[in-house]
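Hi everyone, thanks for coming. I'd like to walk you through a structure that may be new to you, so please have a look at it with me.

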Amino acid sequence: ADYLDHEHPQNLASTMSTSLIRCATAAALVATCDGYMPSAAPSRAAAVRPAAASVFMDETVFERALAGELEEEGFENPFMSEVGWADYLDKNAKSSYNMNQRPSLADDGYYTASIVDNPLDVVSDWLGAMKGYVTNPVATAFPTISNDPTGARSYPKGSNEVSARTIKPKEKDFDPKKRIVGIPGFNIFGTPSSKSGSFIENFFGN
């Protein structure tokens with residue numbers, strides 16, 4: 001080949017120049033031909049996370065407080081406070097609320113002093129509550145409606161423990177004829193059942 005002829009350097013340079021031109025031309029043809037170009041993947045739009053809704057404070061509370069209208073709002077919506085709801089149940093359903101005595105029958109008057117009231121009233125109401133606790137500690141520590149000694153706790157008028165519930169319990173038939181009873185039990189790690197035989201008989205058989 002001419003480009004391997006070391007005795008004629010002019011021929012070698014000419015041959016290399018021709019080869020470079022041919023390679024560049026072939027590369028240009030391939031680059032401009034659609035058949036050799038890979039298809040471009042469709043661009044995928046970046047996922048945009050929706051902006052979270054801004055949190056706003058209910059300014060009507062402050063507006064009504066400054067205007068002195070909170071009490072009116074309480075009368076319109078008694079369920080907005082536990083005191084208002086207890087008073088509503090007492091007047092309309094003849095019922096107590098949250099295991100407390102009915103406001104109209106409460107021993108302490110129900111509406112006791114709060115932390116923003118006169119400190120003397122707070123101490124006085126606290127002493128009254130302690131007096132009631134000492135007088136009947138069991139009824140105070142474990143209030144009940146069915147066995148309330150004061151009679152100031154009650155279900156809504158015409159209701160009982162079951163019907164007064166929001167979620168009613170499942171009705172069960174306790175007829176013993178529909179149940180399997182009297183099955184002797186066995187406990188290998190403790191005292192055997194009184195309905196079963198001896199330990200040896202039950203463990204090894206007769």
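A quick word on names before we start: helices are DSSP runs of at least four residues, numbered from the N terminus. Also keep in mind that this is a predicted model.

So, how confident is the prediction? The chain has a mean pLDDT of 75, with 63% of its residues at 70 or more. Confidence is highest in helix H4, residues 82-92, at a mean of 91, and lowest in helix H7, residues 199-204, at 60. Over residues 1-9 the pLDDT is below 50, and that stretch has 5 contacts in the model beyond near neighbours in sequence.

Now find Asp 148, in the loop between helix H6 (137-141) and H7. Is Asp 148 buried or exposed? Its relative accessibility is 12%, and the cut-off for buried is under 20%, so Asp 148 counts as buried. Its side chain makes a polar contact of 2.8 Å with the side chain of Thr 150. A polar atom of that Asp 148 side chain also lies 3.2 Å from the backbone nitrogen of Gly 151.

The largest pocket holds about 510 Å³ of space. Its lining has 19 residues, and among those nearest the centre are Gln 101, Thr 140 and Arg 153. Helix H5 (119-135) and H6 each give two or more residues to that lining, and H5 gives the most, with 4.

The second largest pocket has about 330 Å³ and is lined by 13 residues. Here H4 gives the most, with 6 residues. By class, this lining has 6 nonpolar, 5 polar and 2 charged residues.

Technical notes:
Residues numbered from 1 in each chain as written. Predicted model: local features only at pLDDT ≥ 70, side-chain atom pairs only at ≥ 80, totals over all residues. Heavy atoms only, no water. pLDDT = per-residue confidence, 0-100. Contact = heavy atoms within 4.5 Å. Buried < 20%, exposed > 50% of the residue type's maximum accessible area, 1.4 Å probe, protein only. Polar contact = N/O pair within 3.5 Å; in protein donor to acceptor, adjacent residues only side chain to side chain. 1 Å grid on protein atoms, 1.4 Å probe; cavity = no way out; pocket = protein on both sides within 12 Å on 5 of 7 lines; lining within 4 Å. Points joined across faces, edges and corners; volume = space filled by probe spheres on them. Nonpolar A, V, L, I, M, F, W, Y, C, P; charged D, E, K, R; others polar.
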